[in-house]
Amino acid sequence: MEFETIKFTKEGFVGKLTISRPKALNALNSQVLDELSSAIDQINDDKDLRVLIITGEGRSFVAGADIREMSTLSALEGKEFGNKGLSVFRKVESLKIPTIAAVNGFALGGGCELAMSCDFRIASEKALFGQPETGLGITPGFGGTQRLQRLVGQGYAKYLIYTAENIKADKALQIGLVQEVVSVDELDKRVDELAQKIASNGPIAVRLSKEAINTGAQVDIDSAIKVEEYLFGLSFSTEDQKLGMKAFLEKGKADFQNK
Ligand code: CAA
């Protein structure tokens with residue numbers, strides 16, 4: 001994949017997408033969003049990949065949507081720009097394989113929203129989170145008003161959005177916005193370790209689990225457990241189910257075949 005503002009690398013079963021506009025602290029302009037969209041489509045079609053890591057180059061994860069580009073938008077253009085970001089992040093959230101946000105620095109506005117579109121977030125001690133949009137006279141527009149409240153509850157979501165206050169990694173951990181905080185030097189190693197762990201489990205089972213969690217979160221509990229029942233049953237149609245259970249009974253570890 002050849003892009004100007006993002007980089008994609010692949011090692012074994014693990015892919016890594018790096019937002020790479022370090023001079024603007026990886027701010028998301030239309031080009032970054034278009035390239036991200038195209039990369040996610042290609043990643044979704046790659047049958048060998050089992051996990052995707054999303055991170056930022058340099059001292060920032062993503063410092064938000066590009067304020068320079070937004071500064072001259074009309075209402076209609078603003079709506080279109082919002083629609084572009086929302087569509088791309090929905091694509092990230094709906095990717096078949098799990099995604100881990102490796103938050104190395106600023107995750108503000110659209111950056112926090114990108115991290116929240118991933119399945120979970122590991123932060124370095126230097127990471128900074130926030131939805132500073134109201135301080136710019138706009139509302140969060142790439143999912144912040146919706147995903148933040150789902151992750152941390154309405155109280156903290158409203159607190160962060162109304163005050164436009166940024167929070168450090170330890171506070172983000174305390175409110176459940178991130179799952180783990182590690183030192184700057186350890187971030188890549190820890191995220192890779194988690195990615196390898198996920199990749200070593202039954203890949204179809206992992207993907208079906210993601211589908212069950214994401215679908216179930218949007219429907220009532222009776223419909224949700226029906227989704228679980230169906231996908232649980234479906235996992236028994238795989239060769240990996242046979243391999244996984246046979247390995248357990250023989251006290252070994254299965255070499256899952258993604259079949
Ligand atoms: N858009 C455009 N450019 C940005 C940017 C952004 N979101 N964030 C940083 N940059 C640029 C700066 O303009 C600066 O460029 P120049 O060197 O050309 O002046 C460069 O990146 C480095 O930034 P700073 O000099 O400001 O670096 P700093 O270390 O002093 O501060 C920061 C870092 C606290 C992250 C600060 O840059 C900042 O506050 N950035 C904006 C954060 C923000 O408000 N994000 C939300 C945007 S709105 C949004 O995302 C809407 C939405 O929901 C979709």
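A polar contact is a pair of N or O atoms within 3.5 Å; within protein, one must be able to donate a hydrogen and the other to accept it, and residues adjacent in sequence count only if both atoms are side-chain atoms. The model is predicted, so local features need pLDDT of at least 70 and side-chain atom pairs pLDDT 80 or more, while totals for chains, interfaces and linings use all residues. Residues are numbered from 1 along each chain as its sequence is written, and side-chain values use heavy atoms, with hydrogens and water left out.

Q: Which atoms of Ala63 and Glu113 lie by the ligand?
A: In Ala63, a backbone N or O atom lies 2.9 Å from a ligand nitrogen atom. In Glu113, a polar side-chain atom lies 2.8 Å from a ligand oxygen atom.

Q: Which residues around the ligand come nearest?
A: Arg59, Ala65, Gly110, Glu113 and Glu133 do, out of 23 residues around the ligand. A residue is near if one of its heavy atoms lies within 4 Å.

Q: Why is α9 called roughly antiparallel to α10?
A: Helix α9 (residues 203–216) and helix α10 (residues 221–235) pack at about 170°, their axes 9 Å apart. Axes are lines fitted to C-alpha atoms, for helices over the stretch in contact, and angles run from 0 to 180 degrees between N-to-C directions. Angles over 145 degrees count as roughly antiparallel, under 35 as roughly parallel, 65 to 115 as roughly perpendicular and the rest as oblique. Therefore α9 is roughly antiparallel to α10.

Q: Why are α3 and α4 called roughly parallel?
A: The axes of helix α3 (residues 75–94) and α4 cross at roughly 30° and come within 8 Å. The two helices are therefore roughly parallel to each other.

Q: Which residues of α3 and α4 meet?
A: Phe89, Val92 and Glu93 of α3 meet Gly110, Glu113, Leu114 and Ser117 of α4; contact means heavy atoms within 4.5 Å.

Note on methods:
Helix = DSSP H or I, 4+ residues; strand = E, 2+ residues; numbered from the N terminus.
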